[in-house]
Amino acid sequence: MNVETNRPILPVATSSDIRDYLRMLAKRFPWRFLGVLGLQASAVATALIPPRLLGAIAQDLTDHRATPEQVTWFALAIAGLAMAQALLLAFAARASAVLGELVLAELRENFVRSVLLLPLSTVERAGNGDLTTRTTRDVDAMVKSIRSAVPEVLIAMVTAGMLVVATVVNGPLLALPILIVIPTLLWAGRWYLRRAGDAYLAENASWGELAEGISQSADGARTVEMFDLARQRVHQTDDDLRRAWRAEKATLRLRTFFFPQVDGSFVILLGATLGLGGLFVLHGWATIGSLVAATVYAQMLSHQLGQLLSYVDELQVAAGSLARLLGVAQVRPDREARPATVQDERVVATSLRYSYDSSVEVLRGIDLELHPGQSLAIVGPSGAGKSTLARLLAGIHPPSGGSVTVGGVPLVELPLGDLRGHVALLTQEHHVFMGTLRENVVLADPAATDARVRDALMAVDAWRWVEQLPAGLDTMVGSGQHRITAAQAQQVALARLIVADPHTLVLDEATSMLDPTSVRNLERSLKALLDGRTVVSVAHRLQVSRDADRIAVVRDGLIVELGSHQELLEAGRESAELWKSWQGSDKAS
């Protein structure tokens with residue numbers, strides 16, 4: 001079943017990958033796994049004895065051989081076995097819960113590790129919805145299944161198998177109804193399982209698309225309002241909801257076919273046991289005692305099969321979720337680090353090309369050298385490729401063609417830790433993690449002293465409001481903690497970059513959340529700090545470009561002009577016209 005989507009999504013693991021992972025978990029906790037099975041088998045073995053005792057009582061009563069004392073002892077024995085079974089089930093449930101939590105911890109740690117190792121280029125292309133749905137809805141589905149469905153399924157499987165054996169031992173002829181019902185259930189189960197996997201993957205993917213669309217509408221609320229896109233976004237959400245509804249309806253259709261067959265098979269099993277068993281007793285091929293035991297076994301088997309099959313649906317959801325969680329680990333690195341020595345701090349782009357897909361190139365053969373210690377402003381119309389060029393210069397995306405090197409070494413061949421020591425990117429997107437303000441600033445260098453943190457915050461014109469916080473640098477910020485404004489969060493992000501101390505900074509609209517006055521104050525504060533560093537700024541404010549040592553004008557994926565502000569004015573081309581237009585509008589306002 002194909003998922004209706006045009007958005008790129010992260011990989012999904014195959015059925016063989018899931019089986020390999022489950023085998024790995026079984027090998028990871030072998031003794032606990034065997035202990036759970038042993039306790040459950042012991043509980044089942046204890047539960048198999050009372051039906052035989054009931055059959056013996058019925059046979060003795062039929063033959064008029066039972067005495068009150070015998071019936072009393074039988075009843076006491078059955079009560080004792082029931083208590084023993086209850087204790088064994090309690091121990092088995094506890095062992096299953098402990099094993100389940102260990103498996104969940106292993107799964108969560110592996111998943112978080114896989115997410116943190118995802119290439120940033122992949123995260124950006126995948127979008128927020130798919131990854132968010134995997135970290136929330138899919139993880140929740142796995143938690144629910146491992147805590148409830150998996151233990152119940154194990155118990156039901158062990159119990160059903162032992163009940164079949166017990167029924168055959170009790171009387172082979174009385175086991176014939178099982179041979180009638182089991183093939184029917186196997187056929188129905190096979191039919192269902194062959195279709196359910198793809199259906200539930202499609203369902204999970206549709207919810208990821210819905211989450212992505214809602215996230216985009218929320219994040220871009222101002223843009224939606226500015227360009228009157230509310231109706232368009234509502235239509236998009238309606239389309240996503242319709243896809244999710246169709247995916248849910250597809251799984252519901254499978255369930256409405258499968259479960260009535262299952263329920264009908266249980267009725268047939270019990271009816272056939274009583275009907276055929278009665279005939280066998282009349283012909284002397286079976287006894288009343290064995291028929292009573294077989295009937296109780298059939299009832300118990302129906303219950304266990306019902307338990308097992310009632311969780312099949314939940315296990316299918318869990319299997320789809322597990323496939324999506326394991327798929328994150330299958331994302332291949334977008335670079336391969338190699339031992340290399342960076343000779344100097346020159347960043348050079350040669351014949352640089354990049355495309356997000358194979359059809360359209362965003363950048364088309366750019367040659368650019370960043371002179372150490374100089375500033376470069378990248379300007380141009382929206383969609384020209386400015387931000388893409390900035391990301392390639394920072395080593396975020398590997399180029400589709402050509403290369404970007406620092407000191408003669410391609411950026412994509414440097415380990416990430418070394419790369420960020422040379423080149424760092426700061427965009428208008430920022431995040432404040434839950435923790436102290438100090439912890440947020442020193443993320444790039446946990447060994448940074450308070451003096452370095454203070455200097456960085458002063459450099460970005462943030463120390464004044466930091467001093468007014470309830471606990472200063474020790475104030476808890478982030479989700480549910482002390483709230484800081486978007487502009488303050490952007491200042492924290494800039495301070496974090498200063499602590500990282502790279503020799504080349506790439507700023508992609510890094511001050512977009514600040515008002516013009518704050519921007520001017522910030523630029524004055526940063527000027528001394530950035531002196532001697534290479535700075536690349538993607539800017540829409542022409543004031544920023546005028547103060548840069550050089551300006552690169554990007555249009556249609558090419559650098560169409562490159563030079564100082566004065567050189568571009570004297571050339572009288574596109575940049576000069578843009579500057580004159582901006583000056584005219586500024587004076588008019």
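Mentor: The bend at a residue is the angle between two fitted axes, one through the seven residues ending there and one through the seven starting there. This model is predicted, so local features need pLDDT of at least 70 and side-chain atom pairs count only at pLDDT 80 or more, while totals for chains, interfaces and linings use all residues. Residues are numbered from 1 along each chain as its sequence is written, and side-chain values use heavy atoms, with hydrogens and water left out.

Trainee: Where is the kink in α6 centred?

Mentor: On Ala196, with a kink of about 35 degrees. Helices here are DSSP runs of H or I of at least four residues, and strands are runs of E of at least two, numbered from the N terminus.

Trainee: What makes Arg28 and Glu106 a salt bridge?

Mentor: The rule asks for a side-chain nitrogen of Lys or Arg within 4 Å of a carboxyl oxygen of Asp or Glu. The closest N and O atoms of Arg28 and Glu106 are 3.4 Å apart, and the pair forms a salt bridge. Arg28 lies in helix α1 (residues 15-28) and Glu106 in helix α3 (residues 68-116), so the pair ties together parts that are 78 residues apart in sequence. Arg28 has 44% relative accessibility and counts as partly exposed, whereas Glu106, at 13%, counts as buried.

Trainee: How many salt bridges does this rule give?

Mentor: The count comes to 14. One of them joins Asp239 to Arg242, with the closest N and O atoms 2.4 Å apart.

Trainee: Where do Asp239 and Arg242 lie?

Mentor: Both are in helix α8, three residues apart, about one turn of the helix. An α-helix has 3.6 residues a turn, so residues three or four places apart point the same way. Asp239 is partly exposed at 30%, and Arg242 is partly exposed at 42%.

Trainee: How do you know that His503 makes a polar contact with His422?

Mentor: A polar contact is a pair of N or O atoms within 3.5 Å; within protein, one must be able to donate a hydrogen and the other to accept it, and residues adjacent in sequence count only if both atoms are side-chain atoms. The side chains of His503 and His422 make such a contact at 3.2 Å. His503 is found in the loop between α16 and β9, and at 11% relative accessibility His503 counts as buried.

Technical notes
Buried < 20%, exposed > 50% of the residue type's maximum accessible area, 1.4 Å probe, protein only.
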